[in-house]
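User: Hi! I'm new to this structure and would like to get to know it. Could you walk me through it?

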Amino acid sequence: MSLIDLLTGNTGNQVAEQAESKFGISKNQIIALLAVATPLVISYLRNKSQDAKEAEALNNALDKDHDGSILDDTSQLDNRQDEGGSILSHVFGNQKNTVENQLSQNTGISIDKIGPILAMLAPVIMGYIGKEKQQNNVGAGGLGDLLGGILGGAQNQAQQQQSSPLNDILGSVLGGGQSQSSGNPLNDILGSVLGGGQQQKQQQGGLGDLLGGLFGGK
């Protein structure tokens with residue numbers, strides 16, 4: 001299952017509906033947030049997996065806790081929100097607050113809700129990675145390539161499909177992440193797409209513009 005299929009299929013819709021009901025945030029905002037947060041988490045994990053110990057720890061965590069069952073049973077979301085917070089703390093480390101602030105500013109989701117919503121989404125993202133790992137029979141040594149392949153495949157699919165707000169968001173997010181080479185996903189994705197240098201905005205439009213097309217510019 002591609003990243004775009006995850007976002008646009010039943011899982012993405014069910015997750016968004018649950019978050020909408022729980023937090024009072026529009027379903028479109030949740031899907032847009034998921035479209036940005038998922039590549040961001042995957043990029044951070046890809047960088048971490050270049051370290052053998054981190055790759056082994058990620059591999060063990062995926063085998064133990066993230067078999068992908070949550071993708072077919074989103075009723076697990078509420079019970080795994082604390083776990084999601086721990087995942088985000090490990091993935092983003094001391095940049096967690098910066099990530100949350102950037103996402104809050106650029107999605108219109110208030111800062112007091114962005115953390116809990118991301119914590120709700122994190123086990124879904126990990127479940128997706130775990131399922132892809134199983135299906136591709138990948139061990140710790142192959143995680144970096146697997147994660148890079150997920151991002152590259154999503155970028156290609158977003159570019160090939162008919163333009164839509166969601167595809168435009170993904171194309172812009174992934175384009176920023178793939179074309180920049182600072183080695184820091186926060187700069188590559190949040191910096192180029194969310195913060196938006198003028199050149200980037202002229203070329204692709206900032207995320208705010210794309211989100212405006214999806215839910216009325218909030």
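This is a predicted model: local features need pLDDT of at least 70, side-chain atom pairs count only at pLDDT 80 or more; totals for chains, interfaces and linings use all residues.

User: Is glutamate 83 buried, partly exposed or exposed?

Analyst: Residues are numbered from 1 along each chain as its sequence is written, and side-chain values use heavy atoms, leaving out hydrogens and water. Buried means under 20% relative accessible area and exposed over 50%, with partly exposed in between (1.4 Å probe, protein chains only). At 27% relative accessibility, glutamate 83 is partly exposed.

User: Which residue forms a salt bridge with glutamate 83?

Analyst: A salt bridge puts a side-chain nitrogen of Lys or Arg within 4 Å of a carboxyl oxygen of Asp or Glu. For glutamate 83, the closest N and O atoms are 2.9 Å apart. The partner is buried, with a relative accessible area of 13%, and is arginine 80.

User: How many residues apart in sequence are the parts tied together by lysine 133 and aspartate 63?

Analyst: The side chains of lysine 133 and aspartate 63 meet in a salt bridge at 3.1 Å, N to O. Helices here are DSSP runs (H or I, at least four residues), numbered from the N terminus. Lysine 133 lies in helix 7 (residues 111-135) and aspartate 63 in helix 4 (residues 52-65), so the parts they tie together are apart in sequence by 70 residues.

User: How many salt bridges does a search of the whole structure find?

Analyst: Another one joins glutamate 17 and lysine 27, with the closest N and O atoms 3.3 Å apart. Searching the whole structure gives a total of six.

How values were computed: Helices (H or I, at least four residues) and strands (E, at least two) are DSSP runs, numbered from the N terminus.
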